Amino acid sequence: SNLYAGTFVFAIGIIGNFYHHYLLASLRSNQSPKGAEKKYTAPKGGLFEYVAAPHYLFELIGWLGIAVASEQITAYLIFAGMMAYL
């Protein structure tokens, strides 16, 4: 059924989103002590090697799951709109 498939896709999207946000948050905790010069470091791990913003990719996957589960054209249009600006 589409409800189960959509729920599964949504869960993958949410888990992936949280994981990549965790990787981004761990960059801040690994920075140098207060007062030291801050420098930019590129995220590593997960899909950061292949995609510039995997947390947004997984957010889109979550919204696709919602569209599949709801079986509503408006949910697919919202998903398409989000894809257009992300």
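## Surface and model

Accessible areas come from the Shrake-Rupley method with a 1.4 Å probe, and for residues only the protein chains shown count as cover. By that method the chain exposes about 6,400 Å². Carbon and sulfur atoms supply 65% of this area.

This is a predicted model: local features need pLDDT of at least 70, side-chain atom pairs count only at pLDDT 80 or more, and totals for chains, interfaces and linings use all residues. Residues are numbered from 1 along each chain as its sequence is written, and side-chain values use heavy atoms, with hydrogens and water left out.

## Overall fold

The chain has three helices and zero strands. Its pattern along the sequence is α-α-α. Helices (H or I, at least four residues) and strands (E, at least two) are DSSP runs, numbered from the N terminus.

Of the 86 residues, 22% are buried. Buried means under 20% relative accessible area, exposed means over 50%, and partly exposed lies in between (1.4 Å probe, protein chains only). Contact means heavy atoms within 4.5 Å. Among contacts between residues at least 6 apart in sequence, 60% join residues at least 24 apart.

## Helix α2

Helix α2 covers residues 54-70. The expected span of a helix is 1.5 Å times one less than its number of residues. For the 17 residues of α2 that gives 24 Å, and the end C-alpha atoms are 24 Å apart, which agrees.

Buried residues in α2 include Pro54, His55, Phe58 and Leu60. Gly62, Gly65, Ala67 and Val68 are buried in α2 too. Just after the helix, Glu71 takes a positive phi of about 55°.

## Helix α3

Helix α3 runs over residues 73-85, 13 residues in total. It reaches 19 Å from first C-alpha to last, close to the expected 18 Å. Its buried residues are Ala75, Phe79 and Met82. They cover an arc of only 65° around the axis, so they sit on the same side of α3. The arc is that of the directions from the helix axis to the C-beta atoms.

Helix α2 is part of what covers these buried residues. The face turned away from the buried side carries exposed Ile73, Leu77, Ala84 and Tyr85.

## A nonpolar patch

Phe10, Trp63, Ile66 and Ile78 form a nonpolar surface patch with about 320 Å² of accessible area together. Like charges are joined within 9 Å, nonpolar side chains (Val, Leu, Ile, Met, Phe, Trp, Tyr) within 5 Å.

Trp63 lies in α2. Its relative accessible area is 32%, which makes Trp63 partly exposed.

Terms used
Patches are made of residues with over 30% relative accessible area and no salt bridge: like charges are joined within 9 Å, nonpolar side chains (Val, Leu, Ile, Met, Phe, Trp, Tyr) within 5 Å. A salt bridge is a side-chain nitrogen of Lys or Arg within 4 Å of a carboxyl oxygen of Asp or Glu.
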